[in-house]
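Dear colleague,

Please find below the structure that I am handing over to you. My notes on it follow directly after, and I would be grateful if you would read them with the structure open.

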Amino acid sequence: MPVSLPVDGLKRRSFGNKWSETMGSCVNLVEVWRGAFLECIHRGRVVVCDFRGDVLAEWGDSSAVILPRSSSKMLQALPLIESGAAARFGLGFEQLALSCASHQGAHIHTDRVDAWLGVLGLSENDLCCGPQEPSALLERNELVRGDKRFDRTHNNCSGKHTGFLTLNKHLGGGPDYVEPDHHVQQAVLAAFEEMSGETAAGYGIDGCSAPNFACSLRGLATAMARMANPDGLGVVRKGAANDLVAAMKAHPDLVAGKGRACTELMNAMDGSTVIKTGAEGVFIAILPERGLGVALKIEDGATRASECAMATMLVRLGVADCNHPAVQKRLWPTQYNFAGLQVGRIVPAEFFYASGALI
């Protein structure tokens, strides 16, 4: 059974302002083979933490400071609920899942974002995330055939930004809600630091124009462990964390989309575990039944490696079946050439995968 952590017992750690100074060491995690030749090695760091911030397993230096990118969206969504904005505007699990999403711009995503904006009395023009061509093939082809342009609702972060707009409307703020000193982002920063137990080591501007606050990989895993076991975070934050995790469990299709790793792997685990990817090789997992958080970062930012490494961790932690097709698709993906010939494979490094079950 997870042990509750008193709110005043949350650890805080401070880091310098330069990310490059705290990179730390990496280890070989994922191998790319072409026939009998080891053609590429992806290096990175992985850490498993509990709600105290204690490291239970580690590969590489988990004190390295990173930008979590979209893997931290559930932390960015905490103020949406804690402020009372979600209740005021009647948000359900679909909207909460979208607030944590990096979706592909399919109709199931954009139609819900449009409806949500309508409830707020706002429009696509109020989103600061910028337009993005949908990655969903059907919707992209529809736009081309219909001679229409993609817009801000197609942006993979439009759900997160509609959540920001909801909080902003509740607080009565100005339209520049992505500015780091805006009260929306200050609320996000406070939640981020409290959950990670660290003072943010600065920020970078994300692809959607919102600030992305930096922390150590260990801090990110700690935050996810506290999402998994929020018993010591106080009644309001516990409720917010539980609602966001439950929403992602209930709607993995809204968190990412058809064919995407987050959606397929969450479906493969029957809602026992929440996972979320981020750009540049970041991936997190929230394990509510174990009260654990996982965070990983691939040094070169390769998605094929971060997905393989996360599948490895899910299998080793006993929450994913290595024989499930969606897991095998990431754990041991086969590479084919344009003629359909099998030419290679991607596999976790032997010491990373074969060193026994974890915890």
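This is a predicted model: local features need pLDDT of at least 70, side-chain atom pairs count only at pLDDT 80 or more; totals for chains, interfaces and linings use all residues.

Helix H5

Helix H5 covers residues 107-120. The buried residues in H5 are His109, Thr110, Val113, Trp116, Leu117 and Leu120. These residues lie on the same side of H5, because they cover an arc of only 125° around the axis. Their packing partners are helix H4 (93-99), helix H7 (158-171) and helix H11 (252-255). Just after H5 comes Gly121, which takes a positive phi of about 75°.

Helix H7

H7 likewise has 14 residues, and its first and last C-alpha atoms are 20 Å apart, close to the 20 Å expected at 1.5 Å a residue. This helix is mostly covered, with 11 of its 14 residues buried. The buried residues are Ser158, Gly159, Lys160, His161, Thr162, Gly163, Phe164, Leu165, Thr166, Leu167 and Asn168. They pack against H1, helix H2 (78-82), helix H3 (85-88), H4, H5 and helix H8 (183-196). Gly172 follows H7 and has a positive phi, near 75°.

The cavity

How many cavities of 30 Å³ or more does the structure hold? There is 1, and the largest cavity contains about 40 Å³ of space. Its lining consists of Gln76, Ala77, Leu80, Ser99, Lys160, Gly163, Phe164 and Leu167. H7 gives the most to this lining, with 4 residues. By class, the lining residues of the largest cavity are 4 nonpolar, 3 polar and 1 charged.

One of the lining residues is Gln76, which belongs to helix H1 (residues 73-76). Is Gln76 buried or exposed? Its relative accessible area is 7%, and because buried means under 20%, Gln76 counts as buried. Leaving aside neighbours within four places in sequence, Gln76 is in contact with Lys160, Phe164, Val188, Pro211 and Asn212.

The largest pocket

The largest pocket holds about 460 Å³ of space. It is lined by 29 residues, of which the closest to its centre are Ser102, Asn156, Arg260, Thr277 and Ala279. H12, S8 and helix H13 (303-316) each supply at least two residues of this lining. The lining of the largest pocket divides into 7 nonpolar, 16 polar and 6 charged residues.

Asp270 is not a glycine, yet has a positive phi of about 55°. Asp270 sits in the loop between helix H12 (261-268) and strand S8 (274-278). Its relative accessibility is 71%, and since exposed means over 50%, Asp270 counts as exposed.

Glu280 is not a glycine either, and its phi is positive, at about 60°. This residue is placed in the loop between S8 and strand S9 (282-287). Glu280 counts as partly exposed, at 44% relative accessibility.

With kind regards

Key: Residues are numbered from 1 along each chain as its sequence is written. Side-chain values use heavy atoms; hydrogens and water are left out. The expected span of a helix is 1.5 Å times one less than its number of residues. Buried means under 20% relative accessible area, exposed over 50%, partly exposed in between (1.4 Å probe, protein chains only). The arc is that of the directions from the helix axis to the C-beta atoms. Contact means heavy atoms within 4.5 Å. On a 1 Å grid over the protein atoms alone, a cavity is a set of points where a 1.4 Å probe fits but cannot get out, and a pocket is an open set with protein on both sides within 12 Å along at least five of seven lines; lining residues have an atom within 4 Å of a point. Grid points are joined across faces, edges and corners, and a volume is the space filled by probe spheres set on the points. Ala, Val, Leu, Ile, Met, Phe, Trp, Tyr, Cys and Pro count as nonpolar, Asp, Glu, Lys and Arg as charged, and the others, Gly among them, as polar.
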